[in-house]
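Here are my notes on this model, as numbered points. Please read them beside the sequence and the coordinates.

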Amino acid sequence: MHTEYSKTPYFHVGRASDLSGKDYLIYRSLEIFPGLLSWGTIIGAVLLSKYSPTTASIFIIAFDCYWLLKTMYLSIHLRQNWKRLKYNMSIDWVKMLKNIKHSNIIHLIILPYHKESIEVVEKAIKSLTESSWNSKKIIVVLSGEERAGKDAQIIGEKIEEKYKDNFAHFLRLVHPKDLPGESPGKGSNISYAAEKARIEILDKNDISYKDVVVSAFDIDTIPYSQYFECLTWHFLTEPDRYRASFQPVPIYNNNIWDAPAISRVSAMSATFWQMIQQERPEKLSTFSSHAVSFQTLYEIGYWQRNMVSEDSRIYWNSLLAYDGHYKVVPISYPVSMDANLASSFWKTLKNIYKQQRRWSWGVENVPYIIFGFIKNKRIPLFQKIRTTFVQIEGFWSLSTNPLIIFLLGWLPLILGGYSFNATILSYNLPIITRDLMTLAMAGLIVSAFISWRLLPPRPKGKGIWSSISMVLQWVLVPFTLIIFGALPGLDSQTRLLVGKYMGFWVTPKYQRGQNVATNNQ
Amino acid sequence: MEPMKRHKRLAYLALCYALFFVILPLVVFYGTGYRIGKDFSVFRTGGMYIHSEQNNSKITINGQKIRTLSTFDRGFFIQDLKPQIYDVEVSKKGYKTWGKKIWIEKGIVTENSSLLLPEEILFIEIASTTSKGLESSKYKDIMELFLEKEEDVVEGEETFPRASKENPVSSGGVNVWKREDGKIIATWNTSSTKRAPYFFCVYNECEKEFEFFSSLLPIGYVDFYPDRSDTIIVTLPTGLYAVGLDRTPPQFFQPIYESSGVEFRVQSGEIYIKDGDIIGTIDLS
């Protein structure tokens with residue numbers, strides 16, 4: 001059963017070249033827009049600093065005030081979600097489900113993998129057996145990539161051999177390479193896996209799609225102990241459960257004590273952003289490991305197979321397919337994943353940059369969303385305007401705000417000329433910027449506290465300095481905001497602007513003392 | 001536990017918007033020099049920036065101590081000053097006080113640079129012409145300073161004396177030269193992309209050239225004070241004097257070494273003095 005919009009030829013459009021004629025022109029213009037806006041802002045700031053330094057200075061002061069207040073506003077959300085996270089982690093979800101009929105609910109976990117080591121794969125599977133949810137109510141679909149080679153297939157076979165009897169069903173797959181209409185990546189793999197699961201497990205065993213909740217995990221995703229109970233509770237108490245996705249909070253704790261400070265700050269920042277968004281569900285879209293009813297997934301044709309950001313795109317597919325009646329339910333319960341860690345510090349930095357660039361490649365959703373809003377007349381106008389604004393502002397601020405605050409703030413002094421440099425405003429500009437940003441950075445105290453509380457216990461062999469560095473690491477924020485925030489954001493938007501589309505990049509999962517998985521697509 | 005209620009979030013958002021529209025004008029107002037007086041009148045102030053290279057030097061304005069320079073500062077930035085003339089002094093124990101009358105304009109920062117000379121300038125003898133006292137190569141180099149003449153050959157045959165208009169002494173884009181009438185002129189190298197130094201400007205009006213020193217006594221050797229472009233050292237029959245390139249009173253004029261017939265040269269940040277047979281340096285730190 002497909003909705004009207006999902007039957008259109010552009011429902012699963014991946015890029016402008018998938019279209020033709022007027023549609024192509026519109027879509028291509030929309031692809032250009034985010035990068036043009038960001039570059040226009042940066043170039044505009046430079047030109048304004050040169051030709052009207054007083055105006056530029058006032059703009060920078062206004063921006064600093066905006067940033068300070070935004071930081072305070074988001075900090076309130078972060079603190080609130082921290083309370084909710086703590087609460088949700090403290091309650092007994094088994095008890096919460098006692099009075100709700102849930103025996104029919106089955107969790108289907110799709111685990112795509114590429115060239116990860118057997119230790120990484122096994123850790124993910126084992127965690128499912130160790131969760132408090134009855135593993136006999138879990139279906140595991142372990143889907144390797146054919147392009148990963150024979151070794152990957154052997155890993156899948158070994159894991160299947162060891163764990164298949166632990167679960168209701170265990171389906172091991174090899175996603176064939178070069179299927180028509182697919183680009184290499186997680187999206188094509190998990191869509192393939194979902195369809196195979198439908199045919200070979202759900203239909204064969206007469207399992208209702210409506211009773212199956214699908215969690216699309218990464219191979220390093222480790223759900224916390226009552227994740228499935230918490231998810232089940234949210235699923236069953238949600239009146240629009242078939243018009244909703246369910247989003248946990250990703251915490252990058254698997255290897256947090258081994259990762260360098262810069263990787264930890266980067267990872268924690270991503271966690272904090274998700275926590276903030278969990279308090280603003282109307283702005284939330286799916287990210288990374290998320291869950292959805294199989295019924296819904298089937299109706300919209302699974303995840304897109306021809307683009308990179310399939311995790312967020314599934315939400316936008318659903319929003320358009322159901323004419324705006326779709327939402328993300330924030331469950332404020334954690335899943336643990338790997339922070340970026342490679343065999344050397346420089347490789348780690350490189351991987352962080354690439355991962356951030358892949359995440360900010362989510363900008364490819366902007367043309368999809370706006371194009372869909374143009375085509376789908378049934379979505380309320382206010383919802384279209386608000387959603388468009390939120391998305392554009394989000395990507396624009398990611399790639400420009402840190403640059404404006406930490407770098408471009410000096411431009412009026414450098415380019416403004418003697419007349420401007422003799423004004424009292426030129427002397428006060430760096431002082432005002434410094435003072436406002438110092439106030440804004442005070443929010444880092446909250447960040448440091450929350451990140452400290454989310455840490456797993458310090459392992460034996462890690463000294464007190466490791467704990468101290470977990471607090472001191474937050475001084476790196478101005479650096480990470482630019483190098484691993486603004487620059488990869490600008491990089492992605494520029495690629496989309498010029499039509500150099502990115503392919504999927506698999507984040508290497510490296511664990512100290514284990515074999516290194518090195519794979520890049 | 002549900003997410004924060006929408007109306008609560010909107011309330012916080014509205015508060016942030018309100019704060020933004022209150023804070024921004026106040027900050028811009030303050031940043032451009034506007035202040036509110038005790039009688040709630042609004043007036044615009046200016047500021048001054050006084051360069052100083054001496055840690056722990058203190059600045060007084062109209063006799064009132066304002067601040068002491070810390071290790072990391074390279075000058076005093078003082079604002080909240082009503083437009084008028086201020087008596088500014090920079091002082092430090094063991095150094096002669098530097099003073100200047102500084103005119104403050106609204107919305108403008110008037111810049112100036114202090115120079116603190118030690119109260120007692122130590123002359124350190126290096127050698128004498130009668131007994132060398134140094135390894136001979138260093139002695140030879142210093143002696144040669146006092147022997148060599150700077151000349152500039154232009155158009156094949158013509159040469160120009162040192163510190164003439166055609167062959168000025170230069171530092172940091174500033175040229176200084178002696179006119180035929182004995183007056184000393186400063187010019188700014190306008191081909192430079194940097195802005196003209198503050199001492200070329202009065203009340204925000206800048207000149208490319210100005211006369212800044214004349215003396216009834218004949219002016220001998222002229223050179224820039226080491227590592228500065230706003231102060232020169234001149235030889236007068238009575239000794240060596242530091243003179244500020246300045247258009248606002250009082251002009252900086254202080255003795256460095258008082259002795260008749262003395263000569264000096266500046267090289268590599270050092271001032272070498274030849275007083276009769278004796279050659280030495282002076283410690284100005």
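1. A:W359 has 22% relative accessibility, so this residue counts as partly exposed. Buried means under 20% relative accessible area, exposed means over 50%, and partly exposed lies in between (1.4 Å probe, protein chains only).

2. A word on conventions. This is a predicted model, in which local features need pLDDT of at least 70 and side-chain atom pairs count only at pLDDT 80 or more, while totals for chains, interfaces and linings use all residues. Residues are numbered from 1 along each chain as its sequence is written, chains are lettered from A and ligands numbered from 1 in the order in which they are written, and side-chain values use heavy atoms, with hydrogens and water left out.

3. Take A:F167 and A:F170: ring centres lie 6.3 Å apart and planes meet at 40 degrees, so the pair is tilted. Rings of Phe, Tyr and Trp (its six-membered ring) pair if their centres lie within 6.5 Å; planes under 30 degrees apart are stacked, over 60 edge-to-face, and the rest tilted. A:F167 is buried at 3% relative accessibility. A:F170 is buried too, at 12%.

4. A:F287 and A:W359 form an edge-to-face pair, with centres 5.3 Å apart and planes at 75 degrees. This pair links distant parts of the chain, 72 residues apart. A:F287 lies in the loop between α8 (261-278) and β7 (290-293) of chain A, and A:W359 in helix α11 (residues 345-360) of chain A. Helices (H or I, at least four residues) and strands (E, at least two) are DSSP runs, numbered from the N terminus. A:F287 is buried, with a relative accessible area of 14%.

5. Chain B has a ring cluster. Ring pairs link B:W188, B:Y198, B:F199, B:F200, B:F210 and B:F212.

6. Two arginines sit over tyrosine rings: A:R243 over A:Y322, 3.8 Å from the ring centre, and B:R265 over B:Y221, at 4.0 Å. The criterion is NZ of Lys or CZ of Arg within 6 Å of the ring centre and within 35 degrees of the ring normal.

7. Helix α7 (residues 227-237) of chain A has ten of its eleven residues buried, so the helix is largely enclosed by the rest of the structure. Among them are A:W233, A:H234 and A:E229.

8. In chain B, four strands form an open antiparallel sheet, in the order β19-β20-β21-β22. Strands pair if DSSP finds at least two bridges between them. The edge strands, β19 (222-224) and β22 (253-258), each pair on one side only. Six bridges join β20 (residues 231-236) to β21 (residues 239-244) of chain B. One partner pair is B:T231 with B:G244.
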